[in-house]
Amino acid sequence: MNDKISIILPIFNVGDHLKGGIDSLINQTIGNENLEIIMVNDCSTDGSDKIIDEYAEKYDCCIAIHHEQNSGAAYTPRNTGIEACTGDYIMFLDPDDRYTPDACETLYNAVKKDDSQIAFARFRRIFEYGGKVQKSYSPYMDDLESVYPDETFETENFINVPDFVWDNFFEKLLYGKTLEVTYPRDRPLGTISVDNIEQEPDMLKMHPSVWTKIYRRDLIMDNNIRFQPFISGDDLAFALETFLKAKGIVFLNNFMCYDYYIRDLPSDKSITNTVNVRLLDDLMESYIYARKCTEGFSKEVQNISVNPHLLHWTYTWKNSPFTKEENKLLLSKVNKLKKIHKNDLKTKWMLSSMTTALETKITLSKE
C-alpha cells in the first residue's frame, strides 16, 4: 500500500473509553503502519493527556498534540488535526466509539476502486445501558440480516415513539418521499456509486456522521473545508460541504464500519448528549449554514440538507426546559432559517409549527 490514511481524534476527558477507541485503530486489518493516528488533546483533566502520550511513545503511527487552551467542542481539535495530517486520505473517530476491525481497509478499497473522493458506510448505534442495537438509517433496501446473521438490529427510532408510529408516520415525515434518481429502491443494494450528489440526493438523508467516511485529501484541502464553530452541528456542516463538492461518492449499504455508543447515564454523558440552550442554538446555526451552502443546487438537495433535522431539533426542544429569554433566542434563530428556507409546503409547515410552539411557550412563561 503506497497511501497513508490519517485518522483524527478530538479528545477531551474521554476517561475509560479512550483506550478502546485507539485500540480499534491500532488493530485495523489494513495494518497500523499504513495509518497516521492524530490524537488532539483539548486540555483534558482526567488523565486522557497521559494516555495519548503513552500511545505516541509506544507506536510510530500515533501522534499526540496538546492544546494550550480548551476550546469547549470537537471542531477545534478536529481542525488542528486536519492542519497537522500528512495522509493521502483522512478519516475521523470520536474516541469513545470504535471502528469495526476492517473499517479502514474496506473504505479505502472502495474509495480507490472508482477513484472517488468519498466512501462511507453504515454504523451500529449501541445503547450501552439499554442493551439494544439499531442500524443507522439508509434510504436503500439492505441485506444486513444475511451479511450479519448473528446480529439483531432494531430500526432507527430516535424520538422514542412506538415503532409502528415511527415506521408509518414520523419516518415518512422526517425523510420525505423517496427520490429514485439513479438507483432503484425495490431490491437490496450493496454498493451505490455516483459522480455527484445530485445523482442521488437521498444520500443526504443519512446521518451526517464524519466518522463513517473516508475522504481523499484533495477534497478537503483544495476546497479549504474545515469544521465550523458549532458545539453541535459541526459534523453536519462538514459532511454536507464535502458531499456538495465531491467528485465521486461511494456508499456501502451492507457494511458496518463503526460502533456508535449511546452512553446516557447522568454520570457518563458527552457534550452533545447534554442538552442546553447553546447546543440547540448552535444546531440551528448549523442548519442555517447548511442551507446557505446549498444555494445553486436543486430544490431536493436544499430540502434534504435541512428538513430531516428539524423534527429532531423540535423533539429535543420539547423535552428540555428553557427560560423565557432562552426561548426568545431560539425563536430568533428559527425565524432566521425561515427567511431563507421556504422551498415547499412541508418545509413552511414544519418551520411555522416550530415558531408557533416557541411563541406559545414564551407567552405562557412566567420568567
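**Entry 1: F123 and Y260**

I looked up F123 and found it buried, as is Y260; buried means under 20% relative accessible area, with a 1.4 Å probe and protein chains only. The model is predicted: local features need pLDDT of at least 70, side-chain atom pairs count only at pLDDT 80 or more, and totals for chains, interfaces and linings use all residues. Residues are numbered from 1 along each chain as its sequence is written, and side-chain values use heavy atoms, with hydrogens and water left out.

I then examined the rings of F123 and Y260, which form an edge-to-face aromatic pair, 5.9 Å centre to centre with 80° between the planes. Rings of Phe, Tyr and Trp (its six-membered ring) pair if their centres lie within 6.5 Å, and planes over 60 degrees apart count as edge-to-face. F123 belongs to strand β6 (residues 118–127) and Y260 to strand β11 (residues 249–262), so the pair ties together parts 137 residues apart in sequence. Strands (E, at least two residues) and helices (H or I, at least four) are DSSP runs, numbered from the N terminus. I noted that F123 and Y260 share one aromatic cluster with Y99, W211 and Y258.

**Entry 2: Other rings**

I recorded 17 aromatic pairs in the structure. The ring centres of Y89 and Y108 are 5.6 Å apart and the planes stand at 90°, so this pair is edge-to-face. Y89 is in strand β4 (residues 89–92) and Y108 in helix α4 (residues 103–113), 19 residues apart. Both Y89 and Y108 are buried.

I also checked F127: K132 lies over its face, at 4.7 Å from the ring centre. This requires NZ of Lys or CZ of Arg within 6 Å of the ring centre and within 35 degrees of the ring normal.

**Entry 3: Helix α8 against helix α9**

I looked up how helix α8 (residues 234–245) packs with helix α9 (residues 277–293), and found an angle of about 10° with the axes 9 Å apart. Axes are lines fitted to C-alpha atoms over the stretch in contact, and angles run from 0 to 180 degrees between N-to-C directions. The two helices α8 and α9 are therefore roughly parallel, a term for angles under 35 degrees.

In α8, L236, A237, L240, E241 and L244 meet S286, Y287, Y289, A290 and C293 of α9; contact means heavy atoms within 4.5 Å. I found eight nonpolar residues, one polar and one charged in the contact of α8 with α9. Here Ala, Val, Leu, Ile, Met, Phe, Trp, Tyr, Cys and Pro count as nonpolar, Asp, Glu, Lys and Arg as charged, and the others, Gly among them, as polar.

Notes: Phe/Tyr/Trp six-rings, centres within 6.5 Å; stacked < 30°, edge-to-face > 60°. Buried < 20%, exposed > 50% of the residue type's maximum accessible area, 1.4 Å probe, protein only. Parallel < 35°, antiparallel > 145°, perpendicular 65-115°, else oblique.
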